[in-house]
Amino acid sequence: MTRPAEDHELEYMSVQLQLLEQCNLRCTHCYNANPPPVRVPSTAEIKRRLDLIYAFARDHGFDPDIHLSGGEPTLRRDLVQIVKHIFDAHDGDALLFTNGTRFPRALARDLRNAGLGYVQVSLEGPERLTDEVRGAGVYTAAMDTVRMLGDEGFRRTVSITITSRNFDGLFAFVEELDALDLHFHLREVFPIGAGAALAPLTRDQRRELYEWAVGWLGRSTVGLEDPAHCSVSRDYAGGRRGCVAARNHFCVDVDGSVYPCRPLALRVGHIDDLAEAWSSATMTRIRRREFGGRCGRCEIRGNCGGCRVYAQLAGDVFGEDTRCFAPAEGLVRTPFEEHAIRASERVGRGIWWTREATRAAVKRVRRLRAAR
């Protein structure tokens, strides 16, 4: 059964905490390639922000998974102190995002002793591709870090940003590293920042990617960040969370601003009042999946929701993400069908509106429409 669009779960919540803007690389697809100058928050300020996040979490009944990001977090000399605060002061959990190029074993051991167990390292594919996108020597340094982290007992994720440039070798690259027992975190490049100049995936490539990832059966695991992959089938979508922005995720930027997710340039508040940011009109509408266009009429919008970045680029952050395959799968109702179903729901309010009931209603409406 698909989830109702209004339902959302707070048992899991990830909070991306931006520690700094500075980075030692200049990746050709970076969505934040030219950030404005912002003062790096002090150690005390980062700890204060963490305290506010955990206080908000207690009030809302969830345990946050802190995603430490940047920029490049290992540029901070106080990284171990920050991690210790998460684990010692809050008995929390964290994931560190890094490019893996400046990660000595001594730092890894200090972070492991502080409690950290998860690290995500970014790669683009084989050595030639990674070095073309991220800089000379990056592949070797990053892979050395991936292997070293495994030796030190970390669970490891390899993040790959997918473009038309690395698509053809993607599947073989994942298979090559499969024996390392990794998690692969895949997402299509955002056409913003430096990524705006890159050729997007074709529709056929996107469908091939989604079906390959859904059917992956290797030793390592494969996850697609892009919620539109839920549209490959109704049955597959039933167990998906889809876009977590404003539902099971938010981002606190370097200046303390709060966003539904970092690539979505839509400020909703400030860390000093997380409750206000969380309950803002924008966050509430995204959380409830109150969208226009075909995203608003889709039967799996509670499990997918589309990507709000692409909707925003099309002119309306609450509009439709047109990259999906929901219409081809028969998941998108016509405006007439949606209106009729909403009217039926109002008449039958208080009844749990199941997927089967919705589909039956769609069939009735279509029969009536055909008879007109």
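Predicted model: local features only at pLDDT ≥ 70, side-chain atom pairs only at ≥ 80, totals over all residues.

Analyst: Residues are numbered from 1 along each chain as its sequence is written, and side-chain values use heavy atoms, with hydrogens and water left out.

User: Which strands stand at the edges of the sheet?
Analyst: The open sheet has 10 strands with mixed pairing, running β7-β6-β5-β4-β3-β2-β1-β8-β9-β10. Strands here are DSSP runs of E, at least two residues long, and helices are runs of H or I, at least four, both numbered from the N terminus; two strands pair if DSSP finds at least two bridges between them. Each edge strand has a single partner, so one side is left without a neighbour in the sheet: these are β7 (221-224) and β10 (269-270).

User: What angle does the direction of α7 make with that of β7?
Analyst: α7 packs on the sheet, touching β5 (155-162), β6 and β7; contact means heavy atoms within 4.5 Å. Axes are lines fitted to C-alpha atoms, for helices over the stretch in contact, and angles run from 0 to 180 degrees between N-to-C directions. For α7 and β7 that gives about 140°.

User: How many residues apart in sequence are the parts tied together by Phe171 and Trp212?
Analyst: Rings of Phe, Tyr and Trp (its six-membered ring) pair if their centres lie within 6.5 Å; planes under 30 degrees apart count as stacked, over 60 as edge-to-face and the rest as tilted. There are 10 aromatic pairs in the structure, and Phe171 and Trp212 make a stacked one, at 4.4 Å centre to centre and 15° between the planes. Phe171 lies in helix α6 (residues 170-177) and Trp212 in α7 (residues 203-214), so the parts they tie together are apart by 41 residues.

User: Is Trp212 buried or exposed?
Analyst: Buried means under 20% relative accessible area, exposed over 50%, and partly exposed in between (1.4 Å probe, protein chains only). Trp212 has a value of 14%, so it counts as buried.

User: Which residues do ring pairs link into a cluster with Phe250?
Analyst: Phe250 and Trp278 form an edge-to-face pair, 6.3 Å centre to centre with 65° between the planes. Both Phe250 and Trp278 are buried. Along with Phe250, the cluster holds Phe56, Phe62 and Trp278.
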